[in-house]
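Welcome! Please take a look at the sequence and the structure below, and then read on for a short briefing.

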Amino acid sequence: MDTFFLSHGSPTLSIDETLPARHFLKSWQDKVFPNEKPKSILIISGHWETSDPTVNVVNRNDTIYDFYGFPKPMYQLKYPAPGAPELANRVKELLMSSGFKRVKEDKKRGLDHGAWVPLMLMYPEADIPVCQLSVQTEMNGAYHYNMGRALAPLREEGVLIIGSGSATHNLRVLNMNDGGGVVPWAQEFDTWLKDSLLNGRHEDVNEYEKAAPYAKMAHPWPDHFYPLHVALGAAGPNAKAELIHHSWSLGALSYASYRFSTTK
């Protein structure tokens, strides 16, 4: 299977019909990923940070409302997808056999909004088992790319690998009036990312702090960018990238999303 990086942007993606990214995700089964239903889903969300790689091992995923001060209807949404304990064990096995010395299990955690909001739009039936994998923000892009490389065999086992984050993610500088267009630094970083991915410059993406313009401005903290590295790594060294959605909100929040196809 191909792998994907999805920019989930604001939690309001769950209810805001004016966001183009919402309609993109709702068209998933018809236009983006038709005729192929995954056996299970492994999702890496920027909203779960741990010191060691950790998988959630549950029978049924709770819906985690890890956002504050939003409209009440958002806290009434549910996404009770089955857990994927077998997939969690397989992820642990693959990582440890690839040199990740410690991989932990969390037997209580459900899905944070970086996972359930896009999945709710993509697979509203909530009938596909889902396992979530954490990111390690004290590590770097290459580490997460290698994490993805270790997980590559899952693509041959009917597992859909999704990194869920944001192409740009600086919440301190968003324009809440959503007017005035896209700020130049965000546009420049987003364009650099697109060019780097489409031209196969994986090393530049792994070393984005050095290679990208306005890297620290676009990602003051790397949590929402590392899911991209995992998805990219899982598609293999010759992965071909395709920009499958692009929109903006609040002047600096890119919803750029990518598909990574493996080439021989």
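In which loop is Asn35 found? Asn35 sits in the loop between helix 2 (28–32) and strand 2 (40–49); helices (H or I, at least four residues) and strands (E, at least two) are DSSP runs, numbered from the N terminus. This is a predicted model, where local features need pLDDT of at least 70, side-chain atom pairs count only at pLDDT 80 or more, and totals for chains, interfaces and linings use all residues. Residues are numbered from 1 along each chain as its sequence is written, and side-chain values use heavy atoms, leaving out hydrogens and water.

**Overall build**
- The protein chain has 10 helices and 10 strands.
- Its C-alpha atoms fill a box of roughly 50 × 40 × 35 Å, taken along the principal axes.
- Of the 264 residues of the protein chain, 58% count as buried (under 20% relative accessible area; exposed means over 50%, partly exposed in between, with a 1.4 Å probe and protein chains only).
- Among contacts (heavy atoms within 4.5 Å) between residues at least 6 apart in sequence, 79% join residues at least 24 apart.

- Most residues other than glycine have a negative phi.
- Asn35, which is not a glycine, has a positive phi near 65°, and Asn35 is exposed, with a relative accessible area of 84%.
- Ala126 also has a positive phi, of about 55°, although it is not a glycine.
- The loop that holds Ala126 runs between helix 4 (113–122) and strand 5 (130–135), and Ala126 is buried, at a relative accessible area of 9%.
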